Amino acid sequence: MTPRDDSGSPEPRRSRWSDLDRPPLNAAALRRALVREGGLWRELDVVQRTGSTNSDLVARAAGGGRGLGEGVVLVAEEQSAARGRLDRKWVAPARSGLFFSVSLRPGDAGVPMERWGWLPLLTGVAVATGLARAGGVDTALKWPNDVLVTVGGEERKAGGILAEASGDGGVVVGVGVNVSLRAEELPVPTAGSLGLAGAVSTDRDPLLRAVLRGLEDWYGRWRAAGGDAGACALQEAYAAGCATLGRVVRAELPGGRALVGEAVAVDGDGRLVLATEAGVQEPVGAGDIVHLRAAG
């Protein structure tokens, strides 16, 4: 039976092609481009809808047997329960962005666990450079896990990264990037998208390929260096693209404490170093960072 609206007129049929500005990802083409012998990515799946790609991979890792393994990529066209840091929700229309998670096992290559804190920063470098190359849009990084773009002269958050222990000795890293969100679709006024920032392309297939290739490259360098971000030039690359450095910021720390100072460096452990008015330099390993103003 043909569905009808309240006036009795037939309702238009909706399909995955209903929004022609947002075509679906081509899973087969992505696998051909990214999954190869000797490469990092060994499995890539695209699902139409899920709660959270991070939660799905963590659940697979906890399923027993030999665990999830390294190099699994799970991409969703839409997420209903996506999460950011501090359990914040990430809401976006279907096919409007890149929503994916990957499984990594740096411990298998001998990278000590105390250096795993670099994984979200490493991923940020790969995301920012991949989007700039394939999308032609200027990006910056806010420590520790936000991807920023400029919309109308204002700094906006267009993406975020969430790293979680997978329970089988590995790490699941999730990425969410707003690609084609229109102004009326933004969840909060401080959000942005590649499209609103003037990207020359919002085609998600080449964007995802560029990001995953960049992530494979940087992860391989970092892993080969035993997690030493200085030795593999990751520390330098992150600092060059970090919009937090040189700014006066407020770090809202666990336990309700706040610290204000100029962000002067990212140290060898991936911590943000703040120079406070008391004349001391204090490293921050976890917390919510608020950009207050440029350093005087």
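R95 is buried in the predicted model, with a relative accessible area of 11%, where buried denotes under 20% relative accessible area, exposed over 50%, and partly exposed the range in between (1.4 Å probe, protein chains only). The residue belongs to the loop between strand 4 (89-90) and strand 5 (97-104); helices (H or I, at least four residues) and strands (E, at least two) are DSSP runs, numbered from the N terminus. Although R95 is not a glycine, its phi is positive, at about 60°.

The model is predicted, so that local features need pLDDT of at least 70 and side-chain atom pairs count only at pLDDT 80 or more, whereas totals for chains, interfaces and linings use all residues. Residues are numbered from 1 along each chain as its sequence is written, and side-chain values use heavy atoms, with hydrogens and water left out.

A positive phi, near 70°, also occurs at A233, a residue other than glycine. A233 is situated in the loop between helix 4 (204-224) and helix 5 (234-241) and is partly exposed, its relative accessible area being 29%.

The peptide bond between W143 and P144 is cis, with omega about 0°. P144 is located in the loop that runs between strand 6 (140-142) and strand 7 (146-151). P24, by contrast, is placed in the segment before helix 1 (27-34). The relative accessible area of P24 is 11%, and the residue is therefore classed as buried. Between P24 and V46, which are 22 residues apart in sequence, the C-alpha to C-alpha distance is 9.7 Å.
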